[in-house]
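Trainee: Hi! Could you walk me through this structure before my group meeting?
Mentor: Happy to, let's look at it together.

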Amino acid sequence: MDVSLLQNRLGHTFKDAALLQQALTHRSHSGLHNERLEFLGDSILNCVVASLLFDRYAKIDEGDLSRLRANLVKQQSLYEIAQRLELSQFLRLGEGELKSGGFRRPSILADTLEALFGAIFLDAGFDAARTVIRALYVPILDTVDPKTLGKDAKTLLQEYLQSKKIALPQYNVVATHGAAHNQEFEIECLVPKLDIQVFGTGGSRRAGEQAAAKLALEAVQTALAKTPSTVRKSKPRASQLKLAGIATVQGEELADGGTRQSKAAKSTDTKDAKAETKAEAKPEAKSESKPADKAEGKDKSAKLDPKTDAKPEPVNAELDLSITPQSKTAA
């Protein structure tokens, strides 16, 4: 184990090599371990990060500064820094931790990094520790957004999808690796509407989901940036116009310059045409019905029974006078 490589990455060369060795020693290895150095390094880390935030963000209030600091000094952030330093290859672990994969455990790596900060403070003072911590954290502060820092990846992904009116993501456990007491979870994150599928891993299911959500958020932002926004066209409210009694609806313009009427306009025009036809047909029907009624009346009078229904015709007096003389002559 070449600790000089680690010292180059930290940017500090120890005067007391024993302090470096103790900072890298886990309690499973020996009695002289790094837990007391971890306690000291944790306090120094909080102080230096608070000072960095205070100087960098002059317009942020105390509440947001506390949120930012808590996010920067939490276990996951320290674990990511430890991974960049490849700290796992310098750990001094007991046999049991080696077999169980303790060199990959986020808690062990984060605690060891804090112990290193404590050891640097004891070896060269506060300014030396501040210089090392500042060199590790300034690149992080240059890339983070203070408005979103402190919110986990799942929350950020959910808020972003909701703002775009996209259904929430789905998380599924794809596989687990390692022993039961030290498993590594592989999590699948799906955003079906955008056909996005990403995978994340972590020492717990929650950590795996967070890692997958972070990748999914980047994929969603990239996909939406490539897709042009579509403008929704307003649909004609044919049903509402029909209920309101409006007879016509604007026709849709066709590609050849003509127009195509909607169903509501067609049905309204059909009703108007029927109404006009009925209005024109009514006078003709009345004019034709009167002669028909008169003819029917004549037929009825022709069928009357002369014995019962016919009226007596007037007697002609001149006819009677002419008959009387004839009857006398005949006699």
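Trainee: What do E1 and E2 form?
Mentor: E1 and E2 make a hairpin with six residues between them, and Gly178 in the turn has a positive phi of about 95 degrees. Strands here are DSSP runs of E with at least two residues, helices are runs of H or I with at least four, and both are numbered from the N terminus. Keep in mind that this is a predicted model: local features need pLDDT of at least 70, side-chain atom pairs count only at pLDDT 80 or more, and totals for chains, interfaces and linings use all residues. Residues are numbered from 1 along each chain as its sequence is written, and side-chain values use heavy atoms, leaving out hydrogens and water.

Trainee: In which sense do E1 and E2 pair?
Mentor: Antiparallel, over seven bridges, with strand E1 covering residues 170-177. Two strands pair if DSSP finds at least two bridges between them. Val173 stands opposite Ile187 in E2.

Trainee: And what joins E2 to strand E3?
Mentor: Seven bridges, and these two strands also run antiparallel. Leu190 has Gln197 in E3 as its bridge partner. That hairpin has four residues between the strands, and Asp195 takes a positive phi near 55 degrees.

Trainee: Switching topic: which residues touch the most other members in the largest nonpolar core?
Mentor: Leu116 and Tyr137, out of 46 residues in that core. A nonpolar core is a set of buried Ala, Val, Leu, Ile, Met, Phe, Trp, Tyr and Cys residues joined through side-chain atoms within 4.5 Å. H7 gives the most to this core, with nine residues.

Trainee: How much of H7 is buried?
Mentor: 14 of its 19 residues. Thr112 is found in H7, and Thr112 counts as buried because its relative accessibility is 3%. Not counting residues up to four places away in sequence, Thr112 touches Ala23, Leu24, Asn34, Leu87 and Leu91; a contact means heavy atoms within 4.5 Å.

Trainee: What comes after H7?
Mentor: Gly125, whose phi is positive, near 100 degrees.

Trainee: Last one: what's the average pLDDT?
Mentor: The protein averages 78, and 68% of the residues score at least 70. pLDDT is the predictor's confidence in each residue, from 0 to 100. Over residues 282-306 pLDDT stays under 50, and the model has two contacts beyond four places in sequence for them.

How values were computed: Buried < 20%, exposed > 50% of the residue type's maximum accessible area, 1.4 Å probe, protein only.
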